[in-house]
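Please take a moment to look over the sequence and the structure shown below. The paragraphs that follow lead through selected features in turn.

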Amino acid sequence: PASLFQLAGTPKCTVAFNYFQYGTVGAAGEKTSASGGIMVPSGTDAACNGERPVLLYAHGTTTDKTKNMASPTDGEAALVAALYAAQGYIVIAPNYAGYDSSPLPYHPYLNLDQQAKDMVDALTAARKGFAAVGAKANAKLFVSGYSQGGFVSMATQRALQLAGTPVTAGAHMSAPYALGSFGDAVYAGNVNLGATIFSPLLSTSFQRAYGNIYSTPADMYEATYATTIETLLPSTTPQSELFSTGKLPATALFASDSLPKPAGFEVFFGTPNLIKTSYRQAVMADTVTNPTAPKQPLRAAAYKNDLLRQNWTPAQPMLLCGGNADPTVFFALNTQGAQAYFASKGVPAQAVTVLDVDGSPTSASDPFAAAKVGFGQSKAAAAVGGAAAVMQTYHGTLVPPFCNAAARGYFAQF
């Protein structure tokens, strides 16, 4: 679209999309395979020639089992191609275990160790295939991702650092870094938009990894959903159809009479609902008795995979980008929480740059002024459809192009 090129700039390079497969593991360490895309720039412009920097990119949450970042018809792949590959980056974009051709019967969603390993396995395999696809890489390696992908990219930056693999910089966007605290907030009734999708993806992932989230799905889920939930996601059925055919509730995570029910979150309570009130109460009781050392299995798993509880100090700079009014991944809890966490670890402020695209330029020299102004214009255009239209498009449509454009600008300094 014209607006994308306005944001991305005129393409300097032709982009070739290449499909590859690689070996990796599932949540329990079981051997499997996955696939992904390698985007290779070429052309007469200096940016497209010689040795190019590599971007390892992690995609956002999707219910679509056929997700393929090697396809230019995939919206996220097209965005990444326009913003990075068409400007001279070699992009490696895994589809993750459980998607596309992967035989894994589930997806290890937000499993910190597995998702980082999946990305590193993809990086290793893709590099072996560079010569075959005409990719010549220099020593620069950038790691980035959006939403789920921002969690995965930060986990990957950590894993690469621990393995001694040099990373130039990271840009992690609109992601649930504070998985434990975020989960606590949701179960307290501050439910995020999309929770009826995220909750089963996460619970199935953790059940496969640890085996103790429930004895049977009926412990956690209402009878309407319990029998099919473990094999439902990811799916070849469109998300809208999962809702319209009653495979999942669109918004009702909790029962209409389940308390507490905070003001402003009423839409997430209803009938039929996904999570049993008894399970919710057990989670909330544990937040009272064991606030920071959870005993309840779902909380314990979330805290185990919380990026802000790994006692990790990034050795390379990172950008954390998002929008302050995000109804899907809460900005204060996750992005500002990450900023505070790294500051508490003694990471210098200039090493962790936080960008709220839903803010005003701070000065004439604000390096992110264009992203903020552009986001403001897009948000205003969406607002013509009312507040609900802004809420529905905020996380998945409005923020991604501007955070990615800001990330490319941030990477340019290296």
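The link of C13 and C48 is left-handed, with -90 degrees about the S-S bond. The model is a predicted one, in which local features need pLDDT of at least 70, side-chain atom pairs count only at pLDDT 80 or more, and totals for chains, interfaces and linings use all residues. Residues are numbered from 1 along each chain as its sequence is written, and side-chain values use heavy atoms, with hydrogens and water left out.

A disulfide is a pair of cysteine sulfur atoms within 2.5 Å; by this rule the count comes to two disulfides. In the pair C13 and C48, the sulfur atoms are 2.1 Å apart. C13 counts as buried (under 20% relative accessible area, with exposed over 50% and partly exposed in between; 1.4 Å probe, protein chains only), because its relative accessibility is 7%. C48 is also buried, at 5%.

The other pair is C321 and C403, with sulfur atoms 2.0 Å apart. C321 lies in strand β9 (residues 318-322) and C403 in helix α13 (residues 387-412), so this link ties together parts that are 82 residues apart in sequence. Helices (H or I, at least four residues) and strands (E, at least two) are DSSP runs, numbered from the N terminus. C321 is buried at 0% relative accessibility, and C403 is buried at 0%. Numbered in sequence order, the bonded cysteines of the protein chain pair as 1-2, 3-4.
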